[in-house]
Amino acid sequence: MTFSLPTSITQILTPDGKLVGDPPELPPEQLLEFYRWMVLGRIFSNRMVALQRQGRMGTFAPLNGQEAASVGLAAPMQDGDWLVGGYREAISFFMRGIPMVTLMEQWGGYIPISYSPATKVMPIQVVLASQMPHAVGIAMAMQYKKERNAVVAVIGDGATSEGDFNEALNFAGTFKAPLVTVVQNNGWAISVPREKQTAAEYIAHRGPAFGMPGYVVDGNDVFAVYSAVEQCLERARNGEGPSIIEVITYRMGAHTTADDPTKYRPSDELAEWKPKDPITRYTSYLRTLGLLDDAKAADIEAEVRAELQIAVERYEAERPAQRVEKYFDLVYNDTPPQLARQRDELIRALNREQ
Amino acid sequence: MPKWTMVKAINNALDLKLAQDPNVLIFGEDVGKNGGVFRVTDGLQAKFGEERVFDTPLAESAIIGSAVGMATYGLRPVPEIQFAGFTYLAFHQIVAQAARLHFRSGGTIDMAMVIRAPFGGGVRTPELHADSVEALYMQAQGLKVVIPATPYDAKGLLIAAIEDPDPVLFLEHMKLYRSFRQEVPAEHYTVPIGKAAIAREGSDISVIAYGAMVQASVKAAEMVEQKLGASVEVLDLRTIAPLDEEAIVNSVSKTGRAIVVQEGPRAGGVAAEVIAVINEQALYSLYKPVLRVTSPDGPYPFTVMEDDILPSLDRIAAAIETTLEP
Ligand SMILES: Cc1ncc(C[n+]2csc(CCOP(=O)(O)OP(=O)(O)O)c2C)c(N)n1
Ligand SMILES: [Mg+2]
């Protein structure tokens with residue numbers, strides 16, 4: 001089948017909060033929910049950076065600027081769907097049922113004892129694009145079981161240069177797998193700008209090349225992302241095959257807490273993106289609708305901060321439970337005798353060293 | 001003489017070779033303007049231009065595969081893989097292509113390239129950044145695997161690697177990047193690939209190590225000497241493949257006792273190979289079995305427990321003491 005190349009960026013909500021297209025038909029409570037998730041995401045991200053600075057957290061990748069995209073891609077998902085994400089997708093993970101403490105464990109270098117695959121969210125993995133073939137495999141399994149479910153896979157712009165990304169898309173196209181790939185194009189891959197990843201105008205151009213539709217949407221517009229993902233999920237569920245959506249957004253912070261973007265990024269770029277902030281624009285929209293005012297915003301923020309505080313306390317209380325014994329239990333289902341011996345020797349040595 | 005960290009020594013080696021040989025090119029992820037995520041290539045793009053030092057799309061297999069093509073055409077590529085754990089994505093190009101082309105072409109094509117990659121534990125990195133991958137590459141016949149333990153060796157070995165006609169995997173331990181400084185000559189010099197060095201001379205036992213475990217072994221040796229008055233030798237392998245069998249056998253024949261210390265997991269590791277060499281060539285010099293101090297046979301641990309799982313000074317010292325018992 002032949003699909004045409006996307007040539008422009010779809011937008012529904014402008015940076016100053018005006019509608020230029022049809023927003024998805026959603027009840028007011030859900031519109032406020034979106035707001036709450038975006039605020040939660042930003043507060044979570046800032047707190048994780050602060051914890052890292054205080055030596056209480058491992059390396060963390062801030063998500064600031066990408067809140068609308070994360071909310072918009074997770075919101076249209078249904079119970080049976082799976083989310084296979086990158087490492088900057090905290091909000092989508094939370095929306096699909098991953099507790100905050102799980103991501104704290106993962107970024108903190110703890111065993112993720114609170115993780116459950118019942119959430120239908122794959123654990124974070126950092127090897128770029130490796131999640132893409134997994135996402136296709138889950139989609140193929142859904143197809144094989146004749147279930148009307150789909151997979152949403154999320155990847156960064158830089159990671160689309162990896163072989164795994166392209167091999168996975170080709171699988172998806174060939175097998176008509178129920179997969180929706182969302183490319184979080186935040187303009188940068190650490191210090192490498194998007195222009196250096198591909199000579200093509202849009203990453204979504206690869207959709208038609210692999211026999212699937214490709215779309216480009218404003219990633220700071222939660223409605224544009226939501227609508228595109230919802231339509232593609234419907235298509236996937238109807239057995240019409242995969243699609244790819246490139247969302248144009250901006251990494252407002254450092255790549256991770258180990259990175260210094262002033263070394264490679266022009267400062268006027270951030271100034272240019274600030275007015276396009278996804279939360280600002282959505283806030284003005286909700287205020288115009290009369291759904292949000294200062295008091296309501298303060299309530300939501302207080303609620304989110306309280307929830308976050310509980311998660312931080314739970315995370316920090318877990319440390320004593322993170323024992324070496326547990327490490328050995330995780331290698332195989334049945335610990336082979338030599339590994340059991342290594343475990344016993346190590347525990348004896350650790351007791352001696354204390 | 002300037003006192004340099006390992007990062008500075010490696011940067012200087014790259015700088016010298018770029019200046020000396022127009023066929024040397026450096027490329028990889030974030031090596032250009034950013035100067036590498038550890039600043040190892042800092043300033044090199046500004047000095048030599050984007051044609052010689054450049055960022056690539058994120059594609060490890062293509063980074064090494066294109067280096068194979070460049071080497072075939074007579075260039076001397078020095079690609080960087082951002083972390084050694086990501087060489088898995090280029091495993092095929094390294095093991096089945098770069099390492100074999102000389103062989104496949106009947107010795108007519110040289111794969112003069114150096115693949116640089118940081119690795120190593122103890123610095124609280126996310127998953128797969130710390131993994132010790134060297135044992136996997138010991139089985140890539142045709143490939144040389146070098147792991148420096150000091151700034152001086154890092155510079156000399158890297159220059160030797162770039163000048164070597166065969167492909168070299170050059171693994172840089174992150175913990176050693178800035179942990180200490182050493183006098184390093186500013187001019188060109190080489191340290192031979194395939195030659196171990198005695199890091200600390202002794203006569204009662206040989207502690208064989210490489211990478212960050214050399215320093216740890218030297219410290220453990222001092223602890224045991226103070227406690228027992230024994231004379232402990234530490235041999236720094238420097239090159240993992242091909243191993244300096246002669247140096248291993250000489251040291252063990254002299255001392256009659258040995259342990260091998262390795263950061264990576266135990267089964268099928270470098271230590272196993274060293275012990276096999278001792279078994280074949282120096283068994284009758286031994287008073288005691290050769291012990292290994294390694295990480296356990298599991299994936300690289302969650303950082304909350306990495307200090308518990310990596311070989312500790314106490315565990316190295318205990319293995320030395322056990323082996324010294326009559
Ligand atoms: C295979 C692989 N190569 C290199 C890295 C190191 N690395 C981590 S994130 C990153 C940049 C990724 O950029 P992008 O895909 O755009 O995602 P973003 O971080 O912008 O969300 C790099 C090079 C890695 N994790 N995995
Ligand atoms: Mg990016």
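Reader: What should I know about the conventions and the confidence before I look at chain B?

Author: The model is predicted, and local features need pLDDT of at least 70, side-chain atom pairs count only at pLDDT 80 or more, while totals for chains, interfaces and linings use all residues. Residues are numbered from 1 along each chain as its sequence is written, chains are lettered from A and ligands numbered from 1 in the order in which they are written, and side-chain values use heavy atoms, with hydrogens and water left out. Where pLDDT is low, predicted coordinates should not be read in detail; pLDDT is the predictor's confidence in each residue, from 0 to 100. Chain B averages a pLDDT of 98, with 100% of its residues scoring at least 70, and the model has an ipTM of 0.96 and a pTM of 0.97.

Reader: Which residues coordinate the magnesium ion (ligand 2)?

Author: Donors are N, O and S atoms within 2.8 Å of the metal (3.2 Å for Na, K and Ca), and sites may look incomplete because water is not among the atoms. Here A:Asp157 (OD), A:Asn186 (OD1) and A:Trp188 (O) coordinate the magnesium ion (ligand 2) at 2.0 to 2.1 Å, and along the chain these donors follow the spacing D-x28-N-x1-W. Distant parts of the chain are linked in this way, with A:Asp157 in the loop between β2 (151–156) and α6 (163–175) of chain A, and A:Trp188, 31 residues apart from it, in strand β4 (residues 188–189) of chain A. Helices (H or I, at least four residues) and strands (E, at least two) are DSSP runs, numbered from the N terminus. Both A:Asp157 and A:Trp188 are buried, where buried means under 20% relative accessible area, exposed over 50%, and partly exposed in between (1.4 Å probe, protein chains only).

Reader: Which salt bridge involves A:Glu353?

Author: A salt bridge is a side-chain nitrogen of Lys or Arg within 4 Å of a carboxyl oxygen of Asp or Glu. By this rule three salt bridges cross the interface, and the side chain of A:Glu353 meets that of B:Arg315 in a salt bridge (3.1 Å, N to O).

Reader: Where does the backbone of chain B have a cis peptide bond or a positive phi?

Author: Most residues other than glycine have a negative phi, and most peptide bonds are trans. A cis peptide bond joins B:Ala241 and B:Pro242, with omega about -5°. B:Asp30, although not a glycine, has a positive phi of about 70°; B:Asp30 lies in the loop between β2 (24–28) and α2 (44–48) of chain B, and counts as buried at 1% relative accessibility. B:Arg124 also has a positive phi, near 60°, but is partly exposed, with a relative accessible area of 39%.
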